[in-house]
Protein chains: 2
Amino acid sequence: MTSTPVLASTREELSGLLSGARRSGEPVAFVPTMGALHAGHASLMRTARAATAGPVVVSIFVNPMQFAPTEDLDRYPRTLDADLEVCAAEGVDVVFAPSVDEMYAGGFSHDSVRDGVTVAPGQLATILDGASRPGHFDGVLTVVAKLFGLVRPDVAVFGQKDYQQLVLVRRMVRDLCLGIEVVGAETVREPDGLALSSRNRYLDAGERRVAGALSRALRAAQDRAPYGVPAARWAAMSVLKEAATDGLELDYLALTSPDLGEPPETGEGRILVAARVGSTRLIDNMPIVFDRIAPDARPAGTASAASTTS
Amino acid sequence: MTSTPVLASTREELSGLLSGARRSGEPVAFVPTMGALHAGHASLMRTARAATAGPVVVSIFVNPMQFAPTEDLDRYPRTLDADLEVCAAEGVDVVFAPSVDEMYAGGFSHDSVRDGVTVAPGQLATILDGASRPGHFDGVLTVVAKLFGLVRPDVAVFGQKDYQQLVLVRRMVRDLCLGIEVVGAETVREPDGLALSSRNRYLDAGERRVAGALSRALRAAQDRAPYGVPAARWAAMSVLKEAATDGLELDYLALTSPDLGEPPETGEGRILVAARVGSTRLIDNMPIVFDRIAPDARPAGTASAASTTS
C-alpha cells in the first residue's frame, strides 16, 4: 500500500511528472492542502486514491493570499517531512510543494496580487467566514484556480470541514466551467467530536476541553431539528452559552440550506459554527434535517434516533 | 481548402466533438468571437489553422456581461449564416454558438452573475476602455475563462485590434496559470487604414470618412515617435482635433509601454485611441517605437521611413 510520492517544487517538475498521465488519458485526482497533515487529510487522500487508477496529486502550500495581515500566516504549522510520510502511507503519487514565489511570480503582496487577475468569489463570500475574514475566499478561490490550472485534475477532493470553501469551490467550478468533479469528504473527528484541524495544535489542555463545545452544540441542534429551525438553533446556543463561561467566544452560529441560503422549514440543511477559544479560531459544521413536529405530537425517543443517523 | 464546420450549440455537443482530439492529444486552437465576422476574424482563423493539425474551434457568442445596460447589446449585429460561411472558408472544424442560457445557467442578469464567481481583472481594467466602460473587462475575462474551460484550448488567438483585451487575457492566463498559448494577431485594415470592426457597419458614409482619422492619427504619431513621446502625442492630437470639427468625439489617446504601463522614453510602446463617431464608439491601436532624436540632429526622410516599417 505504501509508495514514495515524488516531490515537485516547481511548475515545470509538476508538469513533467503529469505529462505521461495526460497522454494516456488517466484521470488525475487532486487534494489541495496547506500541509500540517492529519487524519482528516489522510481521509481526503483515500477518497482521491479510490477515485482514480491514475495519479493522485497532493499540493502543500500555505497560501498567503487567504490570510489577512493580522492572521496566523507566520504561525501556521509547517511540517513537510511528516506530511510526506502521511502522503506515502496513502499511496499519493505526486506532492506539489511550491514556494510562494513559484505560485506568485515576482513575490507575494496583497496589493500586487490584487493589481493582477484574481477570482472574485461573489455574494457567498460575504457571509459567515467571509464576513469575519474579508478577502479570505478571494485568496482561497484564486489559489485553487491557479492550482487547478497547474494540476488540471479530473477530480478534486475537499473536506466538508471547510464547508463554505467547499460550496464556493463547487460554485467556481460551475460558474467558470472548469469541468472538474468536486468531491466533499466527510469531516474526521476526535473521540469527543472535535473536528480535526491543523489549528487544533494551537490549543492548550484547557482550551482543548472547551473546544469540544462546537461539535456538541451542532449535535444538540441535530437532535432538536425535528422540532424546527428555531428549536435547533436554541439547542445549539444553549451549549455555546455554557461554553462561553469557560472562555469560548462565539463568532457565528448559522442554520442554512445545503448551499448556504435560508434554511428550509423542512428537509436538509446545514448548521455551521465559528468561535474563538483562546487565540485560536475554530470552525465546524454538520448536515441537519429540519422538520416541523410539534413537541406534543412527537413519539418519545425520536430525537436520539435523529442524532445517531446524522 | 473549404470544409464544413460542425455547429455545436450546447456544452455537451462541444465536449463530444472535442473528445476525440483530447484523447489523441492533438492541440486545440481556439478563436473566441462575437460573430458578425469580417476579414479580421478570418485572419485570426488562419492564424489558428496554421497553429495546429488538430481542431480549430471558433466560438460565436455576444456576451451580455461585457455590455453595460446603456450599450449596444441589442443592436450588435447577429449574422450566423454568413459567419458559418467565413468559418467554412478558413477550414474551421467546430463552431460553438451557444445561447445566453447555455453560457449563463439560469439566465443572464448583471446582478445574478456578480452574485456568483467571476474573474476580477484588476488594475489594468480600470484604465482606457475600462475607465470608459466600467465592468467591461470583468465581463470579457469571465466569459473568456468560461469558454477556455469548455474548449480547453492549447492555443487561443485574439486580435491586436482589442489590445487592452489581449493584454488582459495574457495576464489572466499568467495569473491563473491556465497554460494556454495566447497569440495576438495583427489588425486588418481598410485601404484608408480604418481597422476592421463589426461596429463599422453602424457608420453612415459621412461618419465612415471621419472614422479614418483614428488610424491616420496613430500613423502620424508613429512618424513623429523618433522625436519622443510628447512629439508623437502632439502629432496624433493634431489629426484628432481636425477630425473633431467633423464630429469625432475623442474618448482617449494613450501612449503606453507594450503592457499598458508608462511609455518608455526610448524603445517599443503602444499608442491607443478611442473615439465616438456619431453614435458609434471605435477603438484602434498600433505599435510605436520611441526615440529621443533632437529635431535638428535628425536626417531628412527618417520620419517616413519609420512610418513604412511600423
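Across the interface of domain 1 and domain 2 of chain A, 12 residue pairs are in polar contact, both residues at pLDDT 80 or more. A polar contact is a pair of N or O atoms within 3.5 Å; within protein, one must be able to donate a hydrogen and the other to accept it, and residues adjacent in sequence count only if both atoms are side-chain atoms. Helices (H or I, at least four residues) and strands (E, at least two) are DSSP runs, numbered from the N terminus. Helix 8 of chain A gives the largest share of that side, 3 residues. By class, the domain 1 side has 10 nonpolar, 7 polar and 6 charged residues. Here Ala, Val, Leu, Ile, Met, Phe, Trp, Tyr, Cys and Pro count as nonpolar, Asp, Glu, Lys and Arg as charged, and the others, Gly among them, as polar.

The model is predicted: local features need pLDDT of at least 70, side-chain atom pairs count only at pLDDT 80 or more, and totals for chains, interfaces and linings use all residues. Residues are numbered from 1 along each chain as its sequence is written, chains are lettered from A in the order in which they are written, and side-chain values use heavy atoms, with hydrogens and water left out.

The domain assignment of chain A gives domain 1 (6-185) and domain 2 (198-309); such bounds come from an automatic or database assignment. The C-alpha centres of the two domains lie 28 Å apart. Their contact (heavy atoms within 4.5 Å) takes 23 residues from domain 1 and 18 residues from domain 2. About 1800 Å² is buried between them, and carbon and sulfur atoms give 49% of this area. Buried area is the accessible area (1.4 Å probe) that two parts lose on being put together, summed over both. In domain 1, A:R75, A:L128 and A:Y163 lose the most area to domain 2, together 35% of what that side buries.

Salt bridges also link the domains; the count is 2. The term requires a side-chain nitrogen of Lys or Arg within 4 Å of a carboxyl oxygen of Asp or Glu. A:D72 and A:R199 meet in a salt bridge at 2.9 Å, N to O. Over all chains, the structure holds 26 salt bridges. One of them joins A:R189 to A:D284, with the closest N and O atoms 2.8 Å apart. A:R189 lies in the loop between strand 7 (181-185) and helix 9 (205-224) of chain A and A:D284 in strand 10 (residues 280-290), so this pair ties together parts that are 95 residues apart in sequence.

Between the chains, 28 residues of chain A are in contact with 28 residues of chain B. The two chains bury about 2100 Å² between them, 55% of it on carbon and sulfur atoms. A:V117, A:L176 and A:C177 supply 32% of the area that chain A buries against chain B, more than any other three residues. Helix 7 of chain A gives the most to the side that touches chain B, with 6 residues. That side has 12 nonpolar, 8 polar and 8 charged residues.

Strand 5 of chain A and strand 5 (residues 118-120) of chain B run antiparallel, joined by 3 bridges. Pairing requires at least two bridges found by DSSP. A:A120 stands opposite B:T118 in strand 5 of chain B.
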